[in-house]
Amino acid sequence: MPRSIWSGAISFGLVTVPIHVVGATEDHSIRFHRYHLADQGRIRTRKVCELEDREVGSDEIGKGYELATSQIVPITDEDLRELPLPTARAIEIVAFVPLASVDPIRIGDGYYLQPDGQVAAKPYKLLRQALARSSKVAVARYAWSGRERLGLLRVRGEAIVLHAMRWPDEIRDPSSLTPPPVEVSEEEIEGALALMDTMTRDDLEGDEFRDTYTEAVAELIEAKREHRRPETVPEPEERPGQVLDLMAALQQSVSKAKESRGEDDHAEGDHAEGDHAEVRELPGRKKKAPAGKTPGAEGAAKKPAGEKPTGGRATGGKATGGKATSKKAAPKKETSKSTAGKKTAAKEPAGKKATTRRPRSA
């Protein structure tokens, strides 16, 4: 068990529970040292007094508050311990609230609260069972490291956990980060919910929740120690200038999630036809028409009298703008999906060029 980092008591009402605070988490990150490239000597940070220009030891170092450049108010650890605060030696519970009412962004590191001896065993168990039965968490105040803090107490197994919390004014307003207004269809929302259903888990166990970055760094260190090249992972291919159809991407994601879980998407009958993502070019890349002409106007001007020009040609249910055809060449019935250029060209007299009106120059 890790060492105790703080000793005090939990206080709620007239009940006091003596406890020790121990770390509930561990950091397994790989640490690096700074060294001199020429001879691999360690580079260390030394504490030097600016006035005497010499290195000083820890017993010569204190803390203080700088009122001005030439005026320092010294503050000792004893001064902080004797502050007239009820939370100086106690974790004082001030309220019990539902866990759902606490914004997760305010919850910080976790610590186990260990009962201090036999005298604390019964009140500790009483508080733990009361918290578990009520399905609530306790909000408390306590003072550590020269400042008063807000904390959250909850049950984890047979232990009580204290989470450090941020004060409300320590949370930044995210309103400036919100995206511009966009429209999301009900079909897209249903597609996102279907994807969430296929990705729902009962726990956080498995390879998906493994720290692959630390493993990769460890493999890199081992490869360099053995003077061999580390394994390389191919980077994903980038496709700039393309937009992914959102609905098709959702449908394809649902299918892939079901395949990874061993479900037969076709057997369930909900496999959407053409669920491959449609890729389209970004808008604004089409060539502009010459000034004074509308798309399809040139083709409309070349048609002989008596034939009505059209602004588009229907192909497989989709209109393609910019190509004019006559009714004799294309006897198919016109659909409602014709382009706007088609309607404009149809209103012009036969043989007359379809042009846009340009403002006269001054």
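## Exercises on buried and charged residues

T214 sits in helix α4, residues 212-225 (helices are DSSP runs of H or I, at least four residues, numbered from the N terminus). The model is predicted: local features need pLDDT of at least 70 and side-chain atom pairs 80 or more, while totals for chains, interfaces and linings use all residues. Numbering starts from 1 along each chain as its sequence is written, and side-chain values use heavy atoms, without hydrogens or water.

**Exercise 1.** Work out whether T214 is buried or exposed, and which side chain it meets in a polar contact.

*Solution.* Start with accessibility: T214 counts as buried because its relative accessibility is 18% (buried is under 20%, exposed over 50%, partly exposed in between, with a 1.4 Å probe and protein chains only). Next, its side chain makes a polar contact of 2.4 Å with that of D211 (N or O atoms within 3.5 Å, one able to donate a hydrogen and the other to accept it; residues adjacent in sequence count only if both atoms are side-chain atoms).

**Exercise 2.** Find the salt-bridge partner of E226, and then the network around this pair.

*Solution.* First, E226 pairs with R228, the closest N and O atoms being 2.7 Å apart (a salt bridge is a side-chain nitrogen of Lys or Arg within 4 Å of a carboxyl oxygen of Asp or Glu). Then check accessibility: E226 is partly exposed at 39%, and R228 is partly exposed at 34%. Finally, widen the view: salt bridges link E219, E222, R225, E226 and R228 in a network. The whole structure holds 16 salt bridges.

Methods. Helices (H or I, at least four residues) and strands (E, at least two) are DSSP runs, numbered from the N terminus.
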